[in-house]
Amino acid sequence: MSASGIRPGRRGRSVVTGIGVVAPTGIGAARHWESVLAGKSGIGRITRFDPTGYPVRVAGEVPGFRAGEQVPGRLVPQTDRFTHFALAAAEDALTDAAADPATLPEYEMAVVTASSSGGTEFGQHEMENLYQQGSSWVGAYQSIAWFYAATTGQVSIRHGMRGPCGVICAEQAGGLDALGQSRRLLDTGSRLVLSGGTDASLCPYGVVAQLSTGHLSAEDDPARAYLPFDAAASGFVPGEGGAILVVENAESARARGVPSYGELLGYAAGFDPTTDGTAARHTVLVSVIRRTLADAGLTPDAVDMVFADASGVPAEDLAEARAITEVFGPGGVPVTAPKTLTGRLYAGGAALDVATALLALSAGVIPHTAGLGRPAPGCEIDLVLDRPRQTDPRTALVLARGHGGFTSALLVGAGDRDALKR
């Protein structure tokens, strides 16, 4: 038996005791949740660079984030913005969980994060130095700051977490995959895991790299640019940010006397490399949802709400709607997509959805999908619109599909209702 009290290979209960959020809807879980309930959008015209001349001119930017105030000064010039976000969110999550890494065994603390783009902006600046000034102007930190695992490394070093560490690259699905991995780590001896994802690719190089998919919205009106499951959907809006969660054994949390936001009940992943976004992707998502429910030992009627992937690409939305309908029946479960307030945050998006789902369970409401008008034909889902629903949900299924075929689902259950009052 490990020091955590869980026998390797035996499934223990994995609970979330801390949430750290850095998102277009606000910095901190409380501010983010206030924006979600109010339907306050963080999408606007890009300000991090001049978007004139680019087909994409609106995005979800994190407001008021100053790396020098959130991150140790020496790390600011050594790391990219996506790592700055994760360092800040990890600090908040640990504080929220009342967890002091200095008091825990260093080899029983783990870190697993997700990233889609790595240090895109840092890399762009270094390439500019290379081509404009010469190779001697390229900094030594380019070799590590761009790397997808930079965040995991910096977080683990900062908090002295020397247990298993890793990074997952599965685009939007990566945030769920990282949390799925955190459950496995808890079952094999880790006591506490920092897990989630952040991304920050709102720079010319990052935006241009995404244009080849044809999935980004070129709509200039921030209120009309990202409308998943809507008849006027024209693609999605890119965003930055994400969430980091503290995941630990229920026994460990109980011993520390801290409440939980909820429990990770079930997880599954699949892969569909097709490019048409229709039949095959629908079939894989159905399988992933059913395997997630089987992993949790629950049936579809036990799911109280679904947080949709919500691509904003009409064919992708229809495939997702059909998958949800096949598992739960037409209008069989309330569906929501709060990411219409942030844009798609890539690896940070699914992690933020999980954070939002846990906050919703703690508050006893289903958040609404803001800004939509007329539902797209064929989407026979019960999309929560206009205002939150007070239904006292106890479970939430979070779906995520990443570019290239990555498909994942995570089922979370309600924890201690006083979690929001801490």
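Good morning, colleagues. I begin with Leu-130, which is partly exposed, with a relative accessible area of 34%. The model under discussion is a predicted one. Leu-130 is situated in helix α4. Its value of 34% matters for what follows, because membership of a surface patch calls for over 30% relative accessible area.

Which helix gives the most to the patch? It is helix α4, spanning residues 120–133, with three residues.

I turn now to the backbone.

The one I take up now is Ala-310. Its phi is near 55°, a positive value in a residue that is not glycine. Where does Ala-310 lie? It is found in the loop that runs between β10, residues 306–307, and α11, residues 314–328. Ala-310 is buried, its relative accessible area being 0%.

Next comes Asp-386. This residue, although not a glycine, also has a positive phi, of about 70°. Asp-386 belongs to the loop between β12, residues 382–383, and β13, residues 395–402. Is Asp-386 buried or exposed? With a relative accessible area of 62%, Asp-386 is exposed, because the cut-off for that term is over 50%.

Ala-310 is buried at 0%, whereas Asp-386 is exposed at 62%. Thank you for your attention.

Methods: Residues numbered from 1 in each chain as written. Predicted model: local features only at pLDDT ≥ 70, side-chain atom pairs only at ≥ 80, totals over all residues. Heavy atoms only, no water. Helix = DSSP H or I, 4+ residues; strand = E, 2+ residues; numbered from the N terminus. Buried < 20%, exposed > 50% of the residue type's maximum accessible area, 1.4 Å probe, protein only.
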